[in-house]
Amino acid sequence: MGFHTFDADGADRLERAAVRYRWVSAEEVVGPFAAGEFGVLADLGSGTGFYTDDVAERVETVYGVDVQPEMHEYYREKGVPENVELVASDVADLPFADDELDGAFSTMTYHEFASPEALTEIARAVRAGGPLVVFDWSADGDGDHGPPVDERFTAADAVAALEAAGFEVDSASTRTETFGVVARAP
């Protein structure tokens with residue numbers, strides 16, 4: 001299960017707003033950060049910056065973390081907001097100090113990094129109580145969109161893994177083809 005990385009040659013597909021917002025709206029990603037003081041966030045698996053841009057409008061700094069330099073190249077060509085810093089890194093080895101991030105989010109990339117090591121690393125980098133917002137393709141879906149079903153996780157899988165890493169889960173939901181989880185760092 002998991003660890004399917006999106007082919008950077010198809011990066012143009014990640015910029016289709018009607019398709020992307022069909023599965024996860026900007027409001028769903030931004031919402032958990034709207035009520036607090038969140039100056040520094042990380043987008044884990046930022047890709048072309050589609051959702052990074054939505055969040056960047058509302059915070060001081062967003063680190064666009066992606067393991068594929070080609071995704072950052074695409075984002076640079078598209079235009080990176082001034083308050084977004086691109087970071088080439090695996091989520092299991094984040095280059096941030098302990099508690100440096102006020103929160104983090106991942107849209108449709110959890111299945112690419114969902115290892116115990118990566119979740120422990122996120123818990124280390126996000127300040128205590130800081131939110132982690134995760135939306136991804138669900139193993140409960142039919143597989144017509146996104147990665148193959150056998151490479152996905154369920155919301156229950158994500159909740160169990162996050163809790164094992166010390167996160168406190170605020171909410172979890174399963175939708176037609178995706179799931180959403182909002183948790184707090186230990």
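Strands, like helices, are numbered from the N terminus and taken from DSSP runs (E, at least two residues, for a strand; H or I, at least four, for a helix). The model you are looking at is predicted, so local features need pLDDT of at least 70 and side-chain atom pairs count only at pLDDT 80 or more, while totals for chains, interfaces and linings use all residues. Residues are numbered from 1 along each chain as its sequence is written, and side-chain values use heavy atoms, with hydrogens and water left out.

That bridge belongs to the pairing of strand 5 and strand 7, which is antiparallel and runs over seven bridges. Two strands count as paired if DSSP finds at least two bridges between them. On to strand 6: six bridges join strand 6 to strand 7, and these two also run antiparallel. One example is Ser173, whose bridge partner in strand 7 is Gly180. A hairpin of three residues leads from strand 6 to strand 7. Six of the seven residues of strand 7 are buried, so this strand is largely enclosed by the rest of the structure. Here buried means under 20% relative accessible area, exposed means over 50%, and partly exposed lies in between (1.4 Å probe, protein chains only).

For a parallel example, look at strand 1 (residues 40-44) and strand 2 (residues 61-66), which pair over five bridges. Within that pairing, Leu41 has Val62 in strand 2 as its bridge partner.

Contact means heavy atoms within 4.5 Å. Which residues of helix 2 (residues 26-34) are buried? They are Ala26, Val29, Val30 and Phe33. These cover an arc of only 85 degrees around the axis, which puts them on the same side of helix 2. The arc is that of the directions from the helix axis to the C-beta atoms.

Next, the interior. A nonpolar core is a set of buried Ala, Val, Leu, Ile, Met, Phe, Trp, Tyr and Cys residues joined through side-chain atoms within 4.5 Å. The largest one has 33 residues, and Leu44, Phe96, Tyr110, Ile122 and Phe167 have the most contacts inside it. Helix 6 provides the largest share of this core, five residues. Apart from its neighbours within four places in sequence, Ile122 is in contact with Leu44, Val91, Leu94, Phe113, Leu132 and Phe167. A second, separate core of 21 residues includes Trp23, Leu41, Val59 and Val133.

Rings of Phe, Tyr and Trp (its six-membered ring) pair if their centres lie within 6.5 Å; planes under 30 degrees apart count as stacked, over 60 as edge-to-face and the rest as tilted. The ring centres of Tyr110 and Phe113 are 5.8 Å apart and their planes stand at 75 degrees, so this pair is edge-to-face. Both residues lie in helix 5 (residues 110-113), three residues apart, about one turn of the helix, and both are buried. Together with Phe153 and Phe179, Tyr110 and Phe113 form one aromatic cluster.

Finally, visit Ser138, in the loop between strand 5 (131-137) and helix 7 (155-164). Is Ser138 buried or exposed? At 0% relative accessibility, Ser138 counts as buried. Leaving aside neighbours within four places in sequence, its contacts include Phe153 and Phe179, two members of the aromatic cluster.
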